[in-house]
Amino acid sequence: HVIGLDDVRPFNFRYLMDMPVYGEQRVLDNVKERFAYIFASNPYPGVPRVTLNSISKNEPLELFGQSIVPIEVLHYKLPVLGFRFDKFTYITDIKTISEEEIEKVKGTEYLVVSALRREEHISHFTLEEALDFIKKIKPKQAYLTHLSHRMGKHEDLENELPENVSVAYDGLSFTMND
């Protein structure tokens with residue numbers, strides 16, 4: 001999900017700084033290739049300004065005094081990262097996850113996970129797969145994201161879900177209580 005990188009320019013203007021971008025080196029190399037104009041030796045004025053930071057799937061990232069744990073999942077055959085921030089875990093574009101990576105998720109209290117549609121999909125959890133994953137993790141609260149229009153209306157889907165599972169939506173915010 002990097003195609004919107006060109007849209008960071010307003011942040012550059014507002015905060016007068018480069019936007020830090022974090023990813024595994026193979027991802028950063030791909031970003032440099034896709035957005036070569038950003039990284040040119042003499043870039044056009046007004047291009048997005050970013051600073052690329054390489055991270056490892058095997059090491060927590062320390063940012064703003066917080067440890068962020070990368071969680072590797074497969075998006076079909078493509079390894080991608082979800083992240084755990086203390087009691088909160090965010091994983092999208094997931095089709096499979098190893099038992100070793102599941103251990104990193106266990107104990108999370110708030111989980112956001114994708115559930116693209118009801119029908120089988122090559123690279124995303126179905127609703128059933130997402131709900132099975134949520135049952136395995138046992139968070140206090142889970143939110144489904146990356147939903148297709150094929151899932152139906154928000155209200156109808158909400159009525160089908162277990163009590164601790166909700167449909168995520170743009171602008172959603174919540175407070176993590178101890």
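**Close-up views of a predicted model**

**View A. A nonpolar surface patch involves Phe11, Tyr15 and Met17.** With a relative accessible area of 46%, Met17 is partly exposed.

**View B. Seven strands form an open sheet with mixed pairing.** The strand order is β3-β4-β5-β6-β7-β8-β9. Strands β3 (61-63) and β9 (165-167) are the edges, each pairing on one side only. On average, and with direction ignored, neighbouring strands of the sheet are turned by 25 degrees against each other. Helix α4 (residues 127-137) lies across β6 (88-91), β7 (110-114), β8 (141-145) and β9. Relative to β7, helix α4 runs at about 160 degrees.

**View C. Strands β4 and β5 form a hairpin with two residues between them.** Strand β4 (residues 66-75) and strand β5 (residues 78-85) run antiparallel and are joined by eight bridges. Pro70 has Phe83 of β5 as its bridge partner, and His75 stands opposite Leu78 in β5. In the turn, Tyr76 has a positive phi of about 65 degrees.

**View D. A hairpin of β5 and β6 has two residues between its strands.** The pairing of β5 with β6 is antiparallel and extends over three bridges. Phe85 stands opposite Phe88 in β6. The turn contains Asp86, whose phi is positive at about 55 degrees.

**View E. Asp93 and Lys138 are residues other than glycine with positive phi.** Most residues other than glycine have a negative phi. For Asp93, phi is about 55 degrees. Asp93 is placed in the loop between β6 and α3 (99-105), and its relative accessibility of 8% makes it buried. For Lys138, phi is near 60 degrees. Lys138 belongs to the loop between α4 and β8 and is exposed, with a relative accessible area of 65%.

**View F. A salt bridge joins the side chains of Asp18 and Arg49.** The N to O distance is 3.0 Å. Asp18 lies in the loop between α1 and β1, and Arg49 in the loop between α2 (25-34) and β2 (50-54), so this pair ties together parts that are 31 residues apart in sequence. Asp18 is partly exposed at 32% relative accessibility; Arg49 is also partly exposed, at 32%. The count for the model comes to 12 salt bridges.

**View G. Lys95, Glu120 and Glu129 are linked in a network of salt bridges.** Within the pair formed by Glu120 and Lys95, the closest N and O atoms are 2.6 Å apart. Glu120 is exposed, with a relative accessible area of 53%, whereas Lys95 is buried, with a value of 12%.

**View H. Glu119 and Arg117 meet through their side chains in a salt bridge.** The N to O distance in this pair is 3.9 Å. Glu119 is partly exposed, with a relative accessible area of 39%, while Arg117 is buried, with a relative accessible area of 18%.

Conventions
Residues are numbered from 1 along each chain as its sequence is written. This is a predicted model: local features need pLDDT of at least 70, side-chain atom pairs count only at pLDDT 80 or more; totals for chains, interfaces and linings use all residues. Side-chain values use heavy atoms; hydrogens and water are left out. Two strands pair if DSSP finds at least two bridges between them. Helices (H or I, at least four residues) and strands (E, at least two) are DSSP runs, numbered from the N terminus. Axes are lines fitted to C-alpha atoms, for helices over the stretch in contact, and angles run from 0 to 180 degrees between N-to-C directions. Contact means heavy atoms within 4.5 Å. Patches are made of residues with over 30% relative accessible area and no salt bridge: like charges are joined within 9 Å, nonpolar side chains (Val, Leu, Ile, Met, Phe, Trp, Tyr) within 5 Å. Accessible areas come from the Shrake-Rupley method with a 1.4 Å probe; for residues, only the protein chains shown count as cover. A salt bridge is a side-chain nitrogen of Lys or Arg within 4 Å of a carboxyl oxygen of Asp or Glu. Buried means under 20% relative accessible area, exposed over 50%, partly exposed in between (1.4 Å probe, protein chains only).
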